[in-house]
Amino acid sequence: MGTMKGPGLHLAQFAGDAAPFNSLSGIAAWAGDLGFKGLQVPAWDRRLFDLETAAESQAYCDDVKGMLAERGLEVSELSTHLLGQMVAVHPAYDALVDGFAPPELRGKPAQRSTWAIEQVKLAAKASRRLGLSEMGTFSGALAWPYFFPFPQRPQGLVDTAFDELARRWKPILDVCDEQGVNLCYEIHPSEDLHDGATFEMFLDRVGGHERCNILFDPSHFVLQQLKYLDYIDIYHERIRMFHVKDAEFNPSGRQGIYGGYQNWTERAGRFRSLGDGQVDFKGIFSKLAQYRYSGWAVLEWECCLKQPEDGAREGVDFINQHIIQVTDKVFDDFAGAGITQQEINRLLGIA
């Protein structure tokens, strides 16, 4: 009936070099003990997942699924965010993004982009072998440094950027289609796909591609002051993934949405652990239930104040309390009357 699954946990912020966070089996045991049911696995993190092997080996994927099942878990989705980020990089960010790439590709932006495109394609193949239908990513960005229109943007700059973005992503979307996987772009500041207007610009350029979909994360809309409940109304048919992440926006006489170059603790807009921010999660879960969203509710922990383990533990109960078990009953059926079409016509005065 469209009841969402959960709680899930995005592992990117928890993976580390110390046990239990340095292997998928270790982090799964920890997450399972907390009560999580699904894990969103970062496809780029070799401590947790071998992407190349997963794309080619059904046995490897079956082993991953079996190990998780023993702990009461499953893979909710693969995340390819850092790989997607490298598909399209403005030169201003080359040095920063190089840290996401293998050492031999650093300082080689064209080769880095080509490699990233192939990695996302491999992730689509791995998703199919894992039995998954959704995969998360970032769009990358070519136009982001020009998001504020001063100095005046040259005519055609944004169109050229989005044309090129679509050219790079269209072959990936086609591979996703071959694999039966929806590619869900997280709508996110610093990405060229950062709100509804930019998603529509991109969607138009990829021909309304069936596999071009949305990862909905309301925290980024709080920081942009975008009406996220209206966003669900507009784009619910394309929303196929959901990050449950909180945020707050407290503007002052000194700063607003741009943040004044301050660090996260001092910004007007800050990410917070679930329940500590301003996101209307009752409204969001209700909207998603209304539209029969049946994907995963995945905790993405990011908070500038609280310890991650505390945020994860609290997040399990928070998500469980908000998931709405969608009813298959109509609440006023008890007052219904069996009316024939002939009687309906008579009620309406129709001959």
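The model is predicted, so local features need pLDDT of at least 70 and side-chain atom pairs count only at pLDDT 80 or more, while totals for chains, interfaces and linings use all residues. Residues are numbered from 1 along each chain as its sequence is written, and side-chain values use heavy atoms, with hydrogens and water left out.

**Strands around E3**

- Helices (H or I, at least four residues) and strands (E, at least two) are DSSP runs, numbered from the N terminus.
- Strand E3 spans residues 74–79, and five of its six residues are buried (under 20% relative accessible area, with exposed over 50% and partly exposed in between; 1.4 Å probe, protein chains only).
- Two strands pair if DSSP finds at least two bridges between them.
- E2 (residues 38–42) runs parallel to E3, joined by five bridges, and Val41 stands opposite Leu78 in E3.
- E4 (residues 134–137) also runs parallel to E3, through two bridges; here Ser79 has Gly136 as its bridge partner.

**Backbone spots worth a look**

- Most residues other than glycine have a negative phi, and most peptide bonds are trans.
- Gly6 and Pro7 are joined by a cis peptide bond with omega about 0°, and Pro7 sits in strand E1 (residues 5–10).
- Another cis bond runs from Ala19 to Pro20, with omega near 0°; Pro20 is in the loop between E1 and helix H1 (24–34).
- Ser190 has a positive phi near 85° and lies in the loop between strand E5 (182–186) and helix H8 (196–205). Ser190 is partly exposed, at 31% relative accessibility.
- Gln225 has a positive phi of about 60° and is found between helices H9 (218–224) and H10 (228–235). Gln225 is partly exposed too, at 48% relative accessibility.

**Aromatic rings**

- Rings of Phe, Tyr and Trp (its six-membered ring) pair if their centres lie within 6.5 Å; planes under 30 degrees apart count as stacked, over 60 as edge-to-face and the rest as tilted.
- The count comes to 20 aromatic pairs. One of them is the tilted pair of Phe14 and Trp301, 6.1 Å centre to centre with 55° between the planes; these two residues are 287 residues apart.
- Phe14 is buried at 7% relative accessible area, and Trp301 is buried at 12%.
- Trp169 and Tyr185 have ring centres 5.1 Å apart and planes at 80°, so the pair is edge-to-face.

**Charges over rings**

- A charge sits over a ring if NZ of Lys or CZ of Arg is within 6 Å of the ring centre and within 35 degrees of the ring normal.
- Lys245 places its charged end over Phe271, 3.8 Å from the ring centre, and Arg267 lies over the face of Trp264 at 5.2 Å.
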